[in-house]
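Me: Hi! Could you walk me through how two chains meet in a structure?
Reply: Happy to, here it comes.

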Amino acid sequence: MERRKSRVLAMTVLTTVLAGGSLAACSGGGGGGEGDAESGTVRVTLANHVWTDAIVEAIPQFEEETGLTVEVTQLGEDQLSAQYNVQLNAGTDEIDVMMYRPLQEGKLFAQNGYLADLTERVSSNADWQWDDFQQGPVDSTTFEDQVVGVPTITEREVLYYRKDLLEKAGLEVPQTLEELEAAAKQIKEQNPDIAGFVARTGKSPAVTQFSSFLYGFGGDFIDDEGNSSLDSPEAKEAYAYYGRMINDYGPANVSTDMSWPEAMAIFTQGGSAFYTEADSLYQNATDPANSQVAETVGFAPMPAGPDGSKPYNVPSWGLGINEASANQDNAWKFIEWATSKDMVMQIQKEGVPGPRTSVWQDPAGTETYPEDLAAAIEVSAENGVGHDRPLVINVGEAREIVGDPIVVGITDGDVDAAADAADEAFQQFLDDERE
Amino acid sequence: MAVAALPPKRAPQKQNAWKAYSDWANEHRKWLFAAPAMIFVAVLIAFPLGWTLYLSLTDASGSVRAKSEFIGLENYADVLTDTDRFWPAVLRTFVFTAVALTVQLVLGMAIALLLWRPFKGEKWVRVAILLPLVATPVAVGMMWRLIFDPNIGFANQLLGFVGIGPQPWLSGQYSALPTVIFIDIWQWTPMVVIILLAGLTSLSDEPDEAARIDGATAWQRFRFITVPLLMPTIIVAILLRSIDALKTFDLLYATKGRGGGSFHEVETLNVYAYGLSFDYNDYGVSSTVLIIFFLIIVAVMFVLTRRRKEVQK
């Protein structure tokens with residue numbers, strides 16, 4: 001009897017200890033645990049990107065120079081965004097350096113106080129040269145006069161095209177949107193299996209690429225007074241044009257879900273004559289390992305609309321420091337190194353357009369680029385617009401609203417009505433956000 | 001000698017303390033044993049639920065740590081009058097669940113009946129049927145996304161062989177929902193088969209044999225003997241599958257991405273709530289949707305468990 005009782009007790013204790021232990025493990029969450037002390041380990045969270053591949057390869061060099069250890073977490077774009085939402089919301093100090101999208105999350109993060117103020121740090125080291133960074137990208141990583149991030153990758157929309165198809169059709173490279181449409185039409189008619197034009201079609205992903213068409217027609221998402229301008233004649237024309245290009249001259253079984261990987265796949269598998277996309281993705285088209293059209297792909301500046309050639313010219317990614325991190329000095333060391341002139345030059349040579357003026361001016365900075373691409377980038381950097389989506393706090397929701405007429409156009413719906421509806425919804429959204 | 005004399009002196013005292021403790025533990029053991037589970041439930045279920053309920057009464061957005069105002073039931077009023085996204089999402093959730101569940105039950109029952117009586121190669125057939133169950137829904141979604149790709153997908157190539165033109169499948173505005181329902185059926189019918197098969201094998205043969213002797217047809221025996229006897233099991237299958245189907249997320253996200261596609265064509269309540277949280281950072285509204293969703297699931301469970309009790313009577 002006694003033995004049975006003690007066995008019961010022993011089991012009770014054991015169960016309690018085990019359960020308690022597992023609960024404690026849940027709440028502890030591992031981590032540095034040192035509290036406020038600067039740690040020799042810099043925890044860096046990066047997105048899957050060609051820039052990341054290049055920087056990760058170079059990290060041992062940084063570790064050797066500084067004696068610091070770098071711990072890299074690498075995630076897909078959507079996962080990264082969700083991860084930040086959860087972790088930064090919970091006030092984590094387990095991220096030191098964060099790669100983020102200044103135009104997508106910059107305002108939100110800065111407003112929430114997730115990003116540390118780097119204003120003093122960027123100007124403290126004259127050799128590093130903050131004033132060497134292009135003004136557009138710098139503006140995007142500045143929030144209410146405080147620098148909250150350092151741009152790492154810039155991009156502009158350019159026209160990808162198939163030289164062989166143009167030659168076969170006896171066409172010149174289109175300079176205007178009108179010429180682009182005529183060329184797409186002709187090629188589609190001549191080659192029933194090949195689309196004249198392809199671009200992103202997903203409601204939200206398409207917005208950034210649609211923006212260059214919108215600016216070309218003389219429109220924008222928001223007017224000078226800060227109101228929605230989606231129902232302007234220019235915007236409506238742009239929506240109609242983009243929809244028509246995909247609907248009439250696009251791939252046969254086009255979906256309304258394509259982001260760049262799907263659209264790029266159609267182009268690189270030889271399925272389309274023209275494709276408008278960010279220049280930073282050009283290696284997908286020129287690398288024979290991924291692209292069946294590597295030999296025949298050409299690049300040109302964004303064709304001009306009634307208002308000229310006005311592609312976006314934006315910093316797609318930047319590096320910031322988590323405000324809650326206790327390791328900010330070392331985090332800054334990492335950023336300073338990753339965005340130094342040498343590093344930017346090295347990464348740009350590997351095909352990732354950087355944000356430094358001096359690197360672009362140096363012939364070495366563009367020598368690895370296809371000649372026509374380098375020329376297109378140069379033109380675009382001059383007349384580019386500094387945003388490719390509405391500059392608001394809740395960009396995710398805004399993109400869905402302004403993207404709606406795009407998919408309506410692609411599916412041959414009533415674009416005018418869709419633009420009017422989107423305008424109303426977007427104005428409501430802007431009013432709500434201003435409150 | 002002194003050492004030997006010690007134990008009788010101290011042992012009773014030690015034993016008493018031990019005994020008192022053990023008696024106490026013994027008396028309260030039902031609580032002691034349940035305590036870890038209760039703490040677990042409190043920390044990991046009750047707290048998040050309470051917190052979600054609290055958030056649903058505020059205008060929390062941007063960051064849950066940012067200052068938010070208590071706005072009472074305003075979010076509920078907004079959500080319940082939203083015919084743009086919320087009600088279509090509710091409708092889709094129920095259409096998805098009802099269609100998937102019905103087909104799974106019919107198909108599951110048919111397969112279970114086939115597997116009920118032993119036959120040659122039975123083992124292999126069972127393994128083959130169970131295969132879809134072991135894959136994770138995200139992997140399943142990605143696999144089917146490739147198969148249903150409008151241009152390079154296997155499905156359209158297959159249709160091409162028999163002379164049918166390409167179908168939009170997942171990419172079509174109206175074909176996406178039926179397609180994801182099909183994938184759900186593909187993956188989860190085996191689960192229904194397992195449950196029903198377990199029920200069938202536990203049935204006694206006698207009523208069936210008696211009916212056979214009385215000249216009942218196979219359909220009559222199935223309709224009036226097997227189904228009524230199997231009813232409790234069928235309801236368990238309905239209960240488990242409907243809860244699962246109602247809250248499907250991974251498959252929809254893996255196939256159509258955020259917002260359930262450009263036209264929200266497969267946006268169920270779960271996908272909608274996820275979008276509100278992670279794309280819009282609208283935590284107040286998102287919590288409201290989740291609380292309403294929670295109530296819907298509880299109501300469905302309540303109805304089903306009551307029905308099960310009735311059947312068991």
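Reply: Let's look at the contact between the chains, and then at one residue.
Reply: This is a predicted model, where local features need pLDDT of at least 70, side-chain atom pairs count only at pLDDT 80 or more, and totals for chains, interfaces and linings use all residues. Residues are numbered from 1 along each chain as written, chains are lettered from A in the order in which they are written, and side-chain values use heavy atoms, without hydrogens and water.

Me: How many residues does the contact take from chain B and chain A?
Reply: Chain B gives 40 residues and chain A gives 39, where contact means heavy atoms within 4.5 Å.

Me: And how many salt bridges are there between chain B and chain A?
Reply: The count is four. A salt bridge is a side-chain nitrogen of Lys or Arg within 4 Å of a carboxyl oxygen of Asp or Glu. One of them pairs A:E400 with B:R85, with the closest N and O atoms 3.7 Å apart.

Me: New topic: where does B:R29 lie?
Reply: B:R29 is in helix α2 of chain B; helices are DSSP runs (H or I, at least four residues), numbered from the N terminus.

Me: What does the side chain of B:R29 make a polar contact with?
Reply: Its partner is the side chain of B:N26, at 2.9 Å. A polar contact is a pair of N or O atoms within 3.5 Å; within protein, one must be able to donate a hydrogen and the other to accept it, and residues adjacent in sequence count only if both atoms are side-chain atoms.

Me: How far is B:R29 from B:R223?
Reply: Their C-alpha atoms are separated by 48 Å, and the two residues are 194 residues apart along the chain.

Notes:
Helices (H or I, at least four residues) and strands (E, at least two) are DSSP runs, numbered from the N terminus.
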